[in-house]
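Hello,

Here is the structure I promised to pass on to you. Please open it alongside this email, and I will walk you through what turned up.

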Amino acid sequence: MNAKHQAITRGPRAYLSFIAIGLTAGLLSGLFGVGGGTVIVPLLVVLLSFGQRISAGTSLAAIVPTASVGVISYAMSGSVAWIPALILAAGAVVGAQIGSRLLPRVSQTALRWGFVAFLLVVIVSLFLVIPSRAAEFELGWLNGLALIAVGVFTGVIAGLIGVGGGVIIVPVLMLGFGTSDLVAKGTSLLMMIPTAVSGTIGNLRHRNVDLIAAALIGVSACTTTALGAWLATLMDPLLGNVLFAAYLVVIAVQMTLKALRSRER
């Protein structure tokens, strides 16, 4: 990091910003079963002038403790499918490697437009399919293979455009596998932990993690993740879908703006 970056990220305003970002990301992580990277990365870039690469690395490191607290919170209500989460994680680790290798050969603009189209389909579907809280995830050979495919797809998308995890896993588990919204969220958070650890190790080797920022964001996020998970259990599934759809709209807008900027260059 250069001197300018150090000056920007080491004042009282920066520390307060790290805490505020963590509190926000933690609440959304617990509420929607997402890692919080779609909140952490843009806020680090906009508020503190972090570079895109170090923002992504810092976010991934902060997700590890955040997702861990979220898993514990959902596990207390029996809302984690442990084996499916590990299958998804294994697929995602492989997919991330594929995505990173494909990165130089694939049009980022085309990928972003494709991801926006995927999000729009999911948003519409969330108003058509309301998950049952009584639904149970029964693992078999067929849906086990489907989980591997979903994990690989999620990892590829994460490797290519830096967005994935809960944004893909939660709606796919609800809409494609018929799980309850709570199980989808708890399983998504568990799936993120090994992939985030793996990604963080690689980012540390390349010095793409601001450890102080990651620690402050991660610890702050942990204080609100359990609150978000608790609110999710109290929330009607339909309201949960509506709020999650609104969250996906924000992400779709972010992706659309990035795609438009890329086309202008």
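Contact here means heavy atoms within 4.5 Å. Helices (H or I, at least four residues) are DSSP runs, numbered from the N terminus. A residue is buried under 20% relative accessible area, exposed over 50%, and partly exposed in between (1.4 Å probe, protein chains only).

A few ground rules: this is a predicted model, where local features need pLDDT of at least 70 and side-chain atom pairs count only at pLDDT 80 or more, while totals for chains, interfaces and linings use all residues. Residues are numbered from 1 along each chain as its sequence is written, and side-chain values use heavy atoms, leaving out hydrogens and water.

Let's begin with helix H5. Its buried residues pack against helix H7 (141–161), helix H8 (166–177) and helix H9 (181–205). Among these buried residues of H5 are Pro84, Ile87, Gly91 and Gly99. H5 (residues 82–102) has 21 residues and reaches 30 Å from its first C-alpha to its last, close to the 30 Å expected at 1.5 Å a residue; the expected span is 1.5 Å times one less than the number of residues.

Next, Ala221, which sits in helix H10 (residues 211–234). With a relative accessible area of 1%, Ala221 is buried. Which residues does Ala221 touch, not counting those up to four places away in sequence? They are Gly22, Leu23, Gly26 and Thr66. The C-alpha atoms of Ala221 and Gly26 are separated by 3.9 Å, although these residues are 195 apart along the chain.

Now the aromatic rings. Rings of Phe, Tyr and Trp (its six-membered ring) pair if their centres lie within 6.5 Å; planes under 30 degrees apart count as stacked, over 60 as edge-to-face and the rest as tilted. By this rule there are eight aromatic pairs. Phe18 and Phe50 are edge-to-face, because their ring centres are 6.2 Å apart and their planes stand at 85°. Phe18 belongs to helix H2 (residues 12–32), while Phe50 is in the loop between helix H3 (37–48) and helix H4 (52–75), 32 residues apart. Phe18 is buried at 0% relative accessibility, and Phe50 is buried at 3%. Another pair, Phe32 and Phe244, is tilted, with 5.7 Å centre to centre and 45° between the planes. Phe32 lies in helix H2 and Phe244 in helix H11, so this pair ties together parts 212 residues apart in sequence. Both Phe32 and Phe244 are buried.

Enjoy exploring, and write back with any questions!

Terms used: Helices (H or I, at least four residues) and strands (E, at least two) are DSSP runs, numbered from the N terminus.
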